[in-house]
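Visitor: Please show me the sequence and the structure. Then let us walk through them together.

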Amino acid sequence: MLKIRLRTSGMQQSALNNRASSSGSTALRVLLTREEGKNVKLAAALAVHGFECIEMPLIRHSVGADRPALPTVLRDQAFDWVVITSPEAAAVFLEGWQEAGCPAVRIAVVGGGTGEILQQSGITPAYVSSKATGKTLGGELPRLAGGTDAVLYPASSSASRVLQNSLADSGFSVTRLNTYDTSSVADVSPSQMQQAQDAEIVTFGSPSAVKSWLALVGPELASRKQYACIGSTSFKACTAAGLQQVHFPESPGVDGWVDSVLKAREQLA
């Protein structure tokens, strides 16, 4: 059973227990919906602003159909670029890369958070897109002189073809491996659901979380919330689903995400 609790250090937990803003008013409640273990950084940043954070993961990851092939592909095939678009894709890639014997790779990433995961294992991305979207990366990625224009794209099975199509339009040949699956969380307890209903602001880090939220609470309750998205992809999923009170930053990342939550709070003042 999922637990609405953040596993944090003592210092972070103290911040998360701050239920009142500096003015002494009751803290607004923010629902954090990323997969378990991925909400700590956002929660700590929001606690500084006096928010009460409630963790209710709405998505989970599992091994994708192409994950077993990843080490062999990395050993036996040469690519000009490997493109990584999310922290989870980075973590799964690193597992396969290590199993392959840590071959030389040239990595391009979408977003600083994804790059941080790779750097922790000693890989410094050679290219970071100017804007954290797949379409931008596909349009900007440099073609190498004397290269083959071959690109490896390890991704979630639910990821759209936007990056693939953008890369193809730029002249690259893309090999996509669905290395992990993303699914909705459906086993939410009544107490968790009550806390979710009480939250004034809901955060989304992916379109999958948007889909899961709507399936759990329905359109009527969903229409009464303020929403803060990590970036434009989640924002577009919200608007496509008919949600209207949605905020997102120009540049995805935790800092921009916090700014979006602050904008949501302004609407509730």
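Visitor: In β6, which residue is the bridge partner of A108?

Guide: This is a predicted model, where local features need pLDDT of at least 70 and side-chain atom pairs 80 or more, while totals for chains, interfaces and linings use all residues. Residues are numbered from 1 along each chain as its sequence is written, and side-chain values use heavy atoms, without hydrogens and water. Strand β5 (residues 107–109) runs parallel to β6, joined by 2 bridges. In β6, A108 has as its bridge partner Y127.

Visitor: What is the strand order in the open sheet?

Guide: Strands are DSSP runs of E, at least two residues long, and helices are runs of H or I, at least four, both numbered from the N terminus. Two strands pair if DSSP finds at least two bridges between them. The open sheet has 6 strands with mixed pairing, in the order β3-β8-β7-β4-β5-β6.

Visitor: Which strands stand at the edges?

Guide: An edge strand here has a single partner strand, so one side is left without a neighbour in the sheet. That describes β3 (59–63) and β6 (127–128).

Visitor: Which residue in β8 stands opposite R60?

Guide: Strand β8 (residues 173–184) pairs with β3 in the antiparallel sense, over 5 bridges. Strand β7 (residues 150–156) runs parallel to β8, joined by 7 bridges. There V151 is partnered with V174 in β8. Opposite R60, β8 places S183.

Visitor: Are α4 and α5 roughly parallel or oblique to each other?

Guide: Helix α4 (residues 87–99) packs on helix α5 (residues 112–119) at about 20°, with the axes 8 Å apart. Axes are lines fitted to C-alpha atoms over the stretch in contact, and angles run from 0 to 180 degrees between N-to-C directions. Under 35 degrees counts as roughly parallel, over 145 as roughly antiparallel, 65 to 115 as roughly perpendicular and the rest as oblique. So α4 and α5 are roughly parallel.
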